[in-house]
Amino acid sequence: MTHRAAVLLALVSVESPVALGAQGAIATPALTIVTLPSPPARGSVVWLVVTPGGAPDSSRTLDGTAAGEPLHFERLPNGRFRTLVGVPLEGGDSLPVALRLAQGATSDTIDATLTVTQPVYASERLTVAPRYAEPDSASRARIDAELAQSRAISRQAHDTPRLWSGPFLRPRPSRITSVYGTGREFNGRVTSRHLGTDFAGAVGAPVRAAGRGVVALVADFYLAGHAVYLDHGGGLVTGYFHLSRVAVTTGDTVAAGAVIGAVGRSGRATGPHLHWIARYGGITVDPMSLFALPKVEPGD
């Protein structure tokens, strides 16, 4: 039997208790939810930590969805659960989250709403070859097919157990030349937002894995050029674009910090650099938000 409770959470720097109410099927007086860091920002990935009320009970399970993506809860000490949540770049000042807390044959469904902040992004003008600024129909069809392929890889990460632990590493030690969210004007026409972070580098400079993962895709794409996608599990994928060479093959398991390729200018690039992306399922988030994930447990 399932019961439902609807709540509105203003998740800031304090925990927010969610009472299940008289209709709750599970004997738990409240549910505490907190995001880390808090409050979450549009275009970021954060921890969602849930603590059911009452005494810890190992028979409880928790699952849910947010922004159309499944959540992968891990059990923590003292009865808590945690999962990554991807917050889409576009949208209002709230994010619906649906949770299902189960115990045996009974469960409670909690519809929560997270309050999120709206970052302010700059814009920049770039000049590229005309074929990259306004692709012809054949090139556009190729771009769409490649995007679908990469999105499929990202969604498959939901089926992979979490492979990474500890803090993420920068794929390059060099300066950042363009940040996530920047509006981009190519050859005088606004066409997109920059959905990654660019690192400076000379052609041939090493590019390293930001975290442990499996090489899910090695490709030569119209826009991204030579690209590597790493599946870190638990819904998380990182991508490394415009490479001059690739040092891994599909199916390889790589450690954090392992060299996976070299800086280049393949695809749509104004010069040598690394374009680094992160996705939670189908949601492209700021890869730098991975570095803001705080320790929840000593082993993190």
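## Helix α2

Helices here are DSSP runs of H or I with at least four residues, strands are E runs of at least two, and both are numbered from the N terminus.

The model is predicted: local features need pLDDT of at least 70, side-chain atom pairs count only at pLDDT 80 or more, and totals for chains, interfaces and linings use all residues. Residues are numbered from 1 along each chain as its sequence is written, and side-chain values use heavy atoms, without hydrogens and water.

The buried residues of α2 are Ser139, Ile143, Glu146, Ser150, Ile153 and Ser154. Viewed down the helix axis, these buried residues fall within an arc of 100°, so they line one face of α2; the arc is that of the directions from the axis to the C-beta atoms. Their packing partners are β17 (213-221), β18 (225-233), β19 (236-246) and β22 (273-280).

## Pro272

Pro272 is located in the loop between β21 (259-263) and β22. Its relative accessibility is 35%, and therefore Pro272 counts as partly exposed. Leaving aside neighbours within four places in sequence, Pro272 is in contact with Gly201, Val203, Val263, Gly264 and Arg265 (contact: heavy atoms within 4.5 Å). A separation of 8.8 Å lies between the C-alpha atoms of Pro272 and Ser244, which are 28 residues apart along the chain.

Notes
Buried < 20%, exposed > 50% of the residue type's maximum accessible area, 1.4 Å probe, protein only.
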